[in-house]
Amino acid sequence: MRPLNPDEPTQLGEFRLIAHLGSCGMGRVYLGADPHGRPAAVTVVRAAYAVDLDFRARFAREAALAHRTVGRFAPPLLGHDLSAPVPWTATAYVPGPTLRELVERTGPLPPAAAAVLARGIAEALDTAHGAGAVHRGLTPSTVLVDAHGPRLIDFGVARAVDEARLTRPGEGVGSAAYTAPELLSGGGAAAAGDLFSLGGALLFATTGADPFGEGHPSTLLYRVLREPPSLDGVPGPLRPLVAACLDKLPENRPTAQEVLDHLGGPLPEEPPTAPWLPPRARAAVAAAEESYRSAVGPRAGGPPAPDPWAALAPGARPAPPARTPPRRRGRAVLRVAALLGVAVLLAGAGLFAVAAPAWEAAGETGAARDCSASGSLAGNLALTGPPQVMFPPDVPLELSFSPDGTVLAVSQVDRVTLWDWEGSRPLARIDNEEATVPPTPAAFSPDGCLLAYGTLHGTAVTDLSTGRAWNVGPEQAVRSVAFSPDGSSLAVGVRSDPGARFLHLYETERWKLTAALPGSGSLGAIQYSPDGTTVAGGEVGGGVAVWRTGAGGLDRLGLVDERARVGADAFDILPDGSGVLLIRSDRVLLVEPQNERVLREFVPDDEDHFLVDVAYSEASGRVFAAMLAPGAGSGSTMAWDYGDAASARLGPDLPRLFPLVLSPDGSRLAGLRADTGDLAVYDTDLSLLGVIGD
């Protein structure tokens, strides 16, 4: 959730827009409020759908049917107007993450919580099927989770969107891994198809894996049609139910009512006093609720924040959907087509926005900007509450310095916080509840004014001087990002790619894709050499791939395919790109990437610890490494002289830092102190310079 940008709408129909929530299959989603203050999720419909007359007719038909499916676990459709200048739909707002986001952030659900999830979704499906409706688009992304249970969203929306996709080349039905085989084979949608999707969602909820793995859509289609799902990891009590739901033959699947009967019937009308989610999941849901309340109030002298569950309470019914008055409909349709003609072209380019793309405004910079710790950052990025200064060791975070070393970025799974580390002063906070797990280190542009990081739906870029934000690339998970030293290119490591092209390059003037380079695995970290001639990528669970700048772009130089089982970012590249420092076994090696020849070895004095991170400081001529001893609660930061690989004598009681990061000029070292749980900055003699929060 983030504040609205100046170029985003503030009112759609009767709904006042408050904040930007994210994106979905239909378009951009905003937090809104009706005239009574009740919250709603308001979606600005993608231009490609809004100008499709058949889609509008289908949506109106499905929306009318959706009003008969409202129940405890299906938020109602509150209104829609697809012939407005900015087409929109609105449903009751659920203050919680999607099931996919929740599991990817906090891990699979235990059997008891998964059973509650199944009962809630099954009740929503039973209500819909009794009214003659089917969902057709049930996936972990269409199930929201709040403190009261699951909420199945997009009734009446998924079917209309899927049918619209079928009319476009290259588009498919729903999410293939969760779509019933009979529907993929061209059959009609029926209630049994929703039960297949429910089985896939339960498998994901309990294992964290999609039911038919990952891969190209054609591969997933084949697996859904021909291969059994992998039930490994599904808890024993739920495995027979999941297997029955995922049966290839619809007649063999249970009905929604039979699922409820198998699990003990519908959930009680009153929620239980004991929480139904495990602690980490509860914390994620509580964070979403707090994000909502921070966005809507309470405001000074104003009313308290509206109750987000008011429209979801038993007996609550939506008002009739808002519509364009009939006498103006014909003219409105023509106006939509005229106003959205350019937007359709933008949608084809992957921007999918009715408003002008943010990068156009971001380019209007004029004079040179100052985004250092002493400069001016956008006011809408300022923190609204006390910053986090203590960090548990089991909560993932990543660190990065700004180009001038004055700003330290702390990346977590739902935010990036910027600190003036020397003054221990928080500068800005950028929220994004769709960040990857573990989070990607934030990447600064060379002038320090653009900040990029990976999310589950592309690369998020924020202009720190204006507060404008936009996404780069298609809506897929991004594991790593890095700006080239001259700022002309943004390198993006994607989690999956049909052609195994895991390194994508975007030029930063118009943010267009210029190259997609093949590799042997997704990249969990990317580094440019300071001279810009070389790019290195740490493969997730693999080696370190290296590319060299050539006449036609980047050429593959080599792959160092053997390294310790450490994080993908546990490597460093020399300033001229001639060598890569990485961890292998019990030592740090300097390796020539084109032939994997070991040029130098840096061996720690202590054999009872193992190495987990490495960095090179050209300013001091030293190689630094983090050492930990699992279970013993001990460790330290090791340093060697680069020239002769001899241990640098830096004194006793060296800090135990992990993760650690060097400033671009190599003069500062920052890390999380494992023994105290705070963030500290040192010089290259490991003398303390500052502690965040002091």
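A: What follows goes through the helix pair and then the hairpin.

This is a predicted model, where local features need pLDDT of at least 70, side-chain atom pairs count only at pLDDT 80 or more, and totals for chains, interfaces and linings use all residues. Residues are numbered from 1 along each chain as its sequence is written, and side-chain values use heavy atoms, with hydrogens and water left out.

Start with α3 (residues 99-106) and α7 (residues 191-207): their axes come within 9 Å and cross at roughly 20°. Helices here are DSSP runs of H or I with at least four residues, and strands are runs of E with at least two, numbered from the N terminus. Axes are lines fitted to C-alpha atoms, for helices over the stretch in contact, with angles from 0 to 180 degrees between N-to-C directions. α3 and α7 are therefore roughly parallel to each other (under 35 degrees; over 145 is roughly antiparallel, 65 to 115 roughly perpendicular, the rest oblique). The α3/α7 crossing is left-handed, meaning the near helix is turned anticlockwise from the far one by less than a right angle.

Who touches whom? On α3 it's Leu99, Arg100, Val103 and Glu104, and on α7 it's Ala201, Phe204 and Ala205, with contact taken as heavy atoms within 4.5 Å. Those residues split into five nonpolar, no polar and two charged (Ala, Val, Leu, Ile, Met, Phe, Trp, Tyr, Cys and Pro are nonpolar; Asp, Glu, Lys and Arg charged; the others, Gly among them, polar).

Glu592 has Arg597 of β29 as its bridge partner. Four residues lie between β28 and β29, and Glu596 in the turn has a positive phi of about 60°.

Terms used
Pairing = 2+ DSSP bridges.
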